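Thanks for coming. I will go through one chain today, starting with where to be careful and then moving to a few local features.

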Amino acid sequence: MSENTQTVEQAGTVDVSLSRDLKLFDITMIGVGAMIGAGIFVLTGIAAGEAGPALVLAFFLNGIVTTFTAMSYAELGSAFPEAGGGYLWVKEALGGAQGFLSGWMSWFAHAVAGSLYALAFGAFALELWEKVAGLPVLEAAVFGIEGPEFMRLGFMTLIAILFTYINYLGASEAGLVGNIITLSKVVILLLFVVVGMGMMFGEPDWSAVFTIDFLPKGMGGVVTAMGLTFIAFEGYEIIAQSGEEVVNPKRNVPRAIFSSIVIVVIIYVLVAFTAIGATEVPASYGDIPVWEYLSIEKETAIVRAAEQVLGGWGGLLILISAVASTMSALNATTYSSARVSFAMGRGNNLPKLFSQISEKRHTPVWAVILSGMLIIVMAWSLPIEAVAAAADIMFLLLFIQVNIAVMILRHKMPELDRGFLIPGFPVVPLIGIASQIALLVFLFQYEASAFITAIAWIVGGLLLYFGVFSRMEERETPSDILLEEVLVTKNYSVMVPVANTEKGHVPSLLGAMIAKDRDGDIFAMHVAKVPQQMTLIDGRVFLQEGRTHLDAVIANARQLEVPVHTMIRLGRNIAESIRLTAIENASDLTVMGWPGYTGTTERLFGAVIDEVIDNPPTDLALVRYREWHPIRSILVPVIARPNSRLAIKVALSIARQAQEGPAHIHIISIIPPGCPEHIRRRAEQAIASAINGSKTYEKLTTQLVEGVKVVDTILEKAAGYDLIVMGATEEPLLSNRLTGRIPARIAKMADATVVIVKRRSGIVRSVLRQTVLLPSTGLGAQVMDVPEAQVFKSDI
């Protein structure tokens, strides 16, 4: 193997990575080569028919829209420098079917783009063969295909085979060929621009074409043109695909992405400006505007413009540039489709054959070969124009997934070493998502049939995933569950995550009392954190330690005759493992213990508890535990009505199962001294609403308590009580709070054990907290919470 190829053996498995041969210039040229491909020749004329002279604006706006998502690719590409790009990130963030679909759509989209470029090469090569070289063209039909069309398909097949072989040879060889082709076509296009602009500016009324009827079809035409040409701007995605083969990817991947976009947008805008401004409509076409003439010429629009600007040799030069462009774009898309299918094979989302690497060339040999075959088969058998529009749709869907993934991974994996951070987060990815949805809408209006092709490919992929690959993925992925003892589950499940024996004792007793009252069970789980330098398999050494921590929970549950089952799970992020387990177990309530302090800076309850409370997957009870003694009386301050209702339900469950018989529950609401009668009535209504059907409990009393400072008043009233149960402050939809300042201060200062309860996040709230809203910290919780003086207005 080359010195850059890494082979690591761990626990009987072999992890093979690709060799790092590509430098900053190489991957920048890969991106430029993919973006200045057939699009500038094949799509310029078609897009001009929609946008008119505003085609210049369409290209410029596409560059801006592209940049929003490119920032997501730059951040994630620098943090995950592996083959697969967007597929890997979406799989990490969203997992399951979404992860598979991102790769499935990316593979299809790049292969279809490759088919489009190969077919465009065939058309340009046929024109060179016939009109330049003067060689004869087949007249008779072959296999039912007309002679010229058969020759075009023949040229297409030959070039696809050639670049499949070049990509088999390796990234450095493919990169060298691509660099030469890309530089040559950029030089030719710039020559066209310089000469054409010289001619254009020599005319006194050159600006008339841009000032008269600049938007013939309005901004709708511009947006449609943007959707049609968007495929030409996706080359930066290929840069991210190459991360595993890039030297110093943390630095070079973001630089290459932004450099390639700047280069390409400038060239596209200049070429469109020159083509529209320097071209004259031949008399045979009648009195029509230039943009309409270019739309009639379609894929030969730039060639016709160059013939006028540079003469007959200019048309030949542009034709050669068109051939070079389609070759470099085909090279880039073949490379990218092979890398994403290789990553899917390595991730058990395609057959293992795709993940095999050539021992001689250190390239994913079967991924390259099969991707090349897919390009050829689709070019021969499918109506490529409609399928190319479907590829546009799938690129847009993939980019939406990536923008969502970058927001989720900011929450899920904040410790990642990112070489680039998106400025203005999360506004930038949200703008990217909104712009891509807008382009999808306009594409639907232009080519609704393309959505049928896209949906068919997606549905076919989902059938394969759920029928085959999900099982393969589950079978091949090492289990992170070390131990699981399962009983027949009941209708109500209380999950108790246990960090150690001390933190598990009181919370497990309270959890068992709640479970017994609800005729439920206890699900005790411990997460063994596995360091980054260890594999999950190596983490099995933590089994005995985790079992010891669960023993106290088991003993407490059995003391109350509550069914208990246990789990020891391996994980790198404890909070994420707790959330995942709660969802998998369909738990109803999670009970977590807190000693009253944290050693983590800028955290209110600690890194793990803060992350779980921030977006709880179940109803949650945070127990600030003190020394345990029998519970005879419980104080329930009504602070926030929705969570206070849950607090009263939890208090009732504990009171009914108290060891020395039913405990007394006293519900209070704090009101200002000498407050008006309507404030008292509202406070009484708040208590009545919170009780909501619990009046049948005989040992329940209520009281309005006057006090200037809410926290001090509650602490004074709590003297002599064995337990305090209260609801967390209610969160506005678009802000993040943990429990609220008042409950947090009472939990820290009270002499009795305090239980703070919080309802599970709804779907909308959960999505916002996993994507748009930044995670809460201890500092953030203090700053954003409602001041104590406002409690009388907002919460009573």
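Where pLDDT is low, the predicted coordinates should not be read in detail.

Some housekeeping. This is a predicted model, in which local features need pLDDT of at least 70 and side-chain atom pairs count only at pLDDT 80 or more, while totals for chains, interfaces and linings use all residues. Residues are numbered from 1 along each chain as its sequence is written, and side-chain values use heavy atoms, with hydrogens and water left out.

The chain averages a pLDDT of 81, and 84% of the residues score at least 70. Confidence is lowest in helix α28, residues 778-784, at a mean of 39, and highest in strand β9, residues 633-637, at 94. The chain has 29 helices and 13 strands, taken as DSSP runs numbered from the N terminus (helices H or I, at least four residues; strands E, at least two). Of the 796 residues, 59% are buried, meaning under 20% relative accessible area, with exposed over 50% and partly exposed in between (1.4 Å probe, protein chains only).

Now helix α13, residues 301-310. Eight of its 10 residues are buried, among them R304. G311 follows this helix and has a positive phi, near 85 degrees.

Next, two residues other than glycine with positive phi. D213, near 55 degrees, lies in the loop between α8 and α9 and is partly exposed, at 47% relative accessible area. N348, at about 65 degrees, is in the loop between α14 and α15; with 7% relative accessibility, N348 counts as buried.

There is also a cis peptide bond between F425 and P426, with omega about 5 degrees. P426 sits in the loop between α16 and α17. For context, most residues other than glycine have a negative phi, and most peptide bonds are trans.

Last, what do G86, Y87, V90 and K91 in α4 meet in α5? They meet Q98, G99, F100, S102 and G103.

How values were computed
pLDDT = per-residue confidence, 0-100. Contact = heavy atoms within 4.5 Å.
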